[in-house]
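Visitor: I would like to go through the charged side-chain contacts here. Could you take me through them?

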Amino acid sequence: HASEITGLKQSHEAAMSEQDKKLKEEKAEALKAQKEDMEADHEMATSNLKNAHKKEIETKDSKISDLNANIDKLKSTIQDLERDLSKSRREFEAKDEELKDTIKLGEQALKDQYARMEAEKKQELEQQVNEHIQETKELQEE
């Protein structure tokens, strides 16, 4: 009887050991499958992040390129405005000199005209004095 129990115990232990071994293998396979799934998920997430990052960089590079183009346009506009301003200054200075010359000529013309008027007035007064002297002489002779 005892040997039968021992045999059953050994048989039972062997069966339990075999069952434990199968459970461990199944658990190991399940863990391996879970690990592979997690690695695949990690790879996909990493790939998605890389793609998103790459797209973000491309978008920012494009914006930077657009901004640089706008900066170049503004620089060109500033240069055009500086040229126009410089040209306007030269034209203004030329007109200013022209006006100064015109004013000087006008002043000289006024001085000349005043001098002529003074000379004419003096001549008229001399003529009146001479006439008066002549009249006085004529009256004295009479």
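Visitor: How many salt bridges does the count come to?
Guide: The count comes to five salt bridges, a salt bridge being a side-chain nitrogen of Lys or Arg within 4 Å of a carboxyl oxygen of Asp or Glu. This is a predicted model, in which local features need pLDDT of at least 70 and side-chain atom pairs count only at pLDDT 80 or more, while totals for chains, interfaces and linings use all residues. Residues are numbered from 1 along each chain as its sequence is written, and side-chain values use heavy atoms, with hydrogens and water left out.

Visitor: Which side chain meets lysine 60 in a salt bridge?
Guide: Lysine 60 pairs with glutamate 56, at 3.2 Å from N to O. The two are four residues apart in helix α1 (residues 2-141), so about one helical turn separates them. Helices are DSSP runs of H or I with at least four residues, numbered from the N terminus.

Visitor: Is lysine 60 buried or partly exposed?
Guide: Lysine 60 is partly exposed, at 48% relative accessibility; the class lies between buried (under 20% relative accessible area) and exposed (over 50%), with a 1.4 Å probe and protein chains only. Glutamate 56 is also partly exposed, at 42%.

Visitor: Where does glutamate 97 lie relative to lysine 100?
Guide: Both lie in helix α1, three residues apart, about one turn of the helix. Glutamate 97 is partly exposed at 43% relative accessibility, and lysine 100 is partly exposed at 40%.
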